[in-house]
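Hello,

Here is the structure we talked about.

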Amino acid sequence: MLLNTLNKALKDEFQAEIGFKYATPLDSAELYQISLKHIKTHLQSGHRADAVYFRWFDGFALLHLEYSAYVLYEFKDNEKAQKHLSNFMGYSELILNIGSSSCDCLQGEAPFIISNKATFMASTLLLTHQTDDFTIASKNLIDSLNGKNCIIKKGYRKATISWFVLKLFSLYTQQEITLHPLLQPKLNDTYNKILKEWDTTDNKTLDFDIEALCELHLSQAANDLADVDAHYRDDIYNLRYRELFIPALYTLPYEVLVWLKLRELKGLKNPKTFTHPLMNTPIAKMFLNIKEPLPYPKELPYAKELLEKLQEQCPDVEIPQWLEGVSGSVNKRDNTIGDDLFIK
């Protein structure tokens, strides 16, 4: 069964990266410490703020997302998984909303994040019930496609799941995507069918479409896994352009969850239970079981310091309220931030 193969790929990822990306607590992981050192060195150097800030935020976001899956699958610790998901959510909000407003005020390179990752970040804000920030983020993504900001440029044509989700955002918010059709991917018949009937009230149609989307997700996951196996050693940089950019997403049909959540916000009825196994994986269930807004983290290492430095060049940038009044610096223990400082 394909799902078993994907679960094995996820477990193999955890085992291969123990110590480097996965440690207890996360802040003791080698990659985490390397990332902190880069930021600390930059702040001490007195250099001007630049787009690398958002790459740092992106790197920490990814670490927390992967660690969330790690503790969920390896230790069945849903509470800690949600704590790290909260951190991913915080970094996502900074990237999508502050990055989008920093396009014209930084020297050199403008903030940018690959669209498949950015779309998942916006989706996470939606699925964790941070609806206002999701609305802003989805507008920013579509504005970028329409040439009004820089955050995902014109998108990535091969990221078909992400494009399907972006078009769902457009339907829900009624914000038109004006990017020339030749620059957009040609979605297959299943995606186009569901987009046309995204607000259907027919239960049979809805059940059929959920099954079809799950099968498409499994097919994409299998393709991405094959791409990793074929190119991992020789082309690791370009693996970020895979649609499902980390193994944890192989078993998370987030496009289905986004579609259902947008329907719910429109007052439409959705199924309460699901027969497709992809809708019953631990990570899918974690998202489905979040019924109240997941709080933003109390603290992110160096986030506030970096944003304050960014304000020197981008005075219109506002530090989010959830970071206001909270020290963004790390604690005294080995210049790190531990699990004890995550939200309770």
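**Helix α10**

The buried residues of α10 are Tyr 254, Glu 255, Val 256, Leu 257, Val 258, Trp 259, Leu 260, Lys 261, Leu 262 and Arg 263. That makes ten of the twelve residues in α10, so the helix is mostly covered. Keep in mind that this is a predicted model.

How far apart should the ends of helix α10 be? The helix runs over residues 254–265, and at 1.5 Å a residue its twelve residues should span 16 Å. The C-alpha atoms at its ends are 16 Å apart, which agrees with that expectation. After α10 comes Gly 267, which has a positive phi, near 85 degrees.

Leu 288 belongs to helix α11, which covers residues 282–288.

Leaving out residues up to four places away in sequence, Leu 288 touches Leu 257, Phe 274 and Met 279. One of these, Leu 257, is also among the buried residues of α10.

**The whole protein**

Which elements make up the protein? There are twelve helices and zero strands. Along the sequence the pattern reads α-α-α-α-α-α-α-α-α-α-α-α.

For 344 residues, a compact globule would have a radius of gyration near 20 Å. The protein has 20 Å, so the value agrees with that of a compact globule. Its C-alpha atoms fill a box of roughly 60 × 45 × 45 Å along the principal axes.

Of the 344 residues, 56% count as buried. Among contacts with a separation of 6 or more, 75% come from residues 24 or more positions apart.

The accessible surface comes to about 15,700 Å², and 50% of this belongs to carbon and sulfur atoms. As for charge, the protein has 38 positive and 45 negative side chains. The centres of these two sets lie 1 Å apart.

Regards

Methods
Residues are numbered from 1 along each chain as its sequence is written. This is a predicted model: local features need pLDDT of at least 70, side-chain atom pairs count only at pLDDT 80 or more; totals for chains, interfaces and linings use all residues. Side-chain values use heavy atoms; hydrogens and water are left out. Helices (H or I, at least four residues) and strands (E, at least two) are DSSP runs, numbered from the N terminus. The radius of gyration is taken over C-alpha atoms; the globule rule is 2.2 Å times the number of residues to the power 0.38. Buried means under 20% relative accessible area, exposed over 50%, partly exposed in between (1.4 Å probe, protein chains only). Contact means heavy atoms within 4.5 Å. Accessible areas come from the Shrake-Rupley method with a 1.4 Å probe; for residues, only the protein chains shown count as cover. Lys and Arg count as positive and Asp and Glu as negative; His and the chain ends are not counted. The place of a charge is taken as NZ of Lys, CZ of Arg, CG of Asp or CD of Glu. The expected span of a helix is 1.5 Å times one less than its number of residues.
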